[in-house]
Amino acid sequence: MAEEGSLLDRAGKTFPAEVAKTLTALPPHDLDHAMPLLADPKRRLTLGGGRFTHLLAHYLGLHLMQLREDVRFLPDRDVERTATLTSLGRRDVLVLFDYRRYEQDKVVMAGLVRERGGRVLLFTDTWLSPVTSRADVVLPCRVTAPSPCDSLVPTLAVIETVVAGVVETLGEAAHEHLRKTEDVAQHLGLA
């Protein structure tokens with residue numbers, strides 16, 4: 001049976017509704033703990049995702065790089081990835097994106113970081129990645145879409161909310177770091 005309404009009508013109803021449901025259902029305690037973890041200048045942030053969610057990890061990471069120091073991405077190549085994971089310790093926060101078709105390596109990474117005294121912040125779907133049991137902060141997002149593919153639109157809304165919270169948490173330090181990055185970009189002819 002075909003769905004009623006045009007694709008634009010269905011998308012126009014689905015996306016806003018799923019974003020609203022995601023934001024309403026976010027655990028306030030976890031959201032409140034995400035910002036200080038991401039804003040703490042004493043902590044190093046390492047971000048990684050999966051087949052599609054690596055795009056969201058990069059999106060969040062690029063924002064954070066403009067706001068603070070010591071932000072990096074989990075490398076794709078084995079030797080570099082191993083070296084990065086080997087260096088993780090007490091001052092580290094591992095930010096993972098793990099959605100259905102969960103990836104076992106994310107569970108192992110989270111366990112490794114926790115064993116070394118680091119923190120884990122997880123973005124996941126409402127079915128909850130197995131990483132949840134090892135995460136300090138869990139931000140579940142809905143994935144309903146007008147197609148058979150999971151939507152990452154609600155996750156993007158959560159990322160934007162978290163970035164706004166990090167800016168508020170850092171205060172003037174965020175604005176100063178952003179000014180410095182813009183100055184360097186202009187000096188290099190990149191802006």
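## Ground rules

Let's start with exposure: a residue is buried under 20% relative accessible area, exposed over 50%, and partly exposed in between, using a 1.4 Å probe and protein chains only. The model here is predicted, so local features need pLDDT of at least 70 and side-chain atom pairs count only at pLDDT 80 or more, while totals for chains, interfaces and linings use all residues. Residues are numbered from 1 along each chain as its sequence is written, and side-chain values use heavy atoms, with hydrogens and water left out.

## The sheet

Helices (H or I, at least four residues) and strands (E, at least two) are DSSP runs, numbered from the N terminus. Two strands count as paired if DSSP finds at least two bridges between them. With that in hand, the model shows an open sheet of 5 strands with parallel pairing, in the order β2-β1-β3-β4-β5. At the edges sit β2 (71-73) and β5 (137-141), each of which pairs on one side only. Direction ignored, neighbouring strands of this sheet are turned by 15° against each other on average; axes are lines fitted to C-alpha atoms, for helices over the stretch in contact, and angles run from 0 to 180 degrees between N-to-C directions.

Strand β1 (residues 44-48) runs parallel to β2 and is joined to β2 by 3 bridges. Here Leu 47 stands opposite Phe 73 in β2.

## Helices on the sheet

Contact means heavy atoms within 4.5 Å. Helix α2 (residues 28-39) packs on the sheet and touches β1, β3 (92-98), β4 (119-125) and β5, with its direction at about 120° to that of β5. Helix α3 (residues 54-67) lies across β1, β2, β3 and β4 and runs at about 160° to β2.

How far apart are the end C-alpha atoms of α2? They are 17 Å apart, which agrees with the 16 Å that its 12 residues should span at 1.5 Å a residue; the expected span is 1.5 Å times one less than the number of residues. Among the buried residues of α2 are Leu 31, Met 35, Leu 37 and Leu 38, and Asp 30 is buried too. Their cover includes β1, α3, β3, β4, β5 and α6 (153-170).

## Two positive phi values

Most residues other than glycine have a negative phi. Arg 101, in the loop between β3 and α5 (104-115), has a positive phi near 70°. Arg 101 counts as exposed because its relative accessibility is 66%.

Leu 128 has a positive phi too, near 65°, and its place is in the loop between β4 and β5. Is Leu 128 buried, exposed or partly exposed? With a relative accessible area of 38%, Leu 128 is partly exposed.

## Salt bridges

A salt bridge is a side-chain nitrogen of Lys or Arg within 4 Å of a carboxyl oxygen of Asp or Glu. The structure holds 14 salt bridges. One of them joins Asp 40 to Arg 43, with the closest N and O atoms 3.7 Å apart; Asp 40 is partly exposed at 25% relative accessibility, whereas Arg 43 is buried at 16%.

Arg 91 pairs with Asp 70 in a salt bridge whose closest N and O atoms are 3.0 Å apart. Arg 91 lies in the loop between α4 (78-87) and β3, and Asp 70 in the loop between α3 and β2, so the pair ties together parts that are 21 residues apart in sequence. Another salt bridge joins Arg 114 and Asp 136, at 3.5 Å between the closest N and O atoms. This pair links helix α5 with the loop between β4 and β5, 22 residues apart. Finally, salt bridges that share partners join Arg 81, Glu 103, Asp 105 and Lys 106 into one network.
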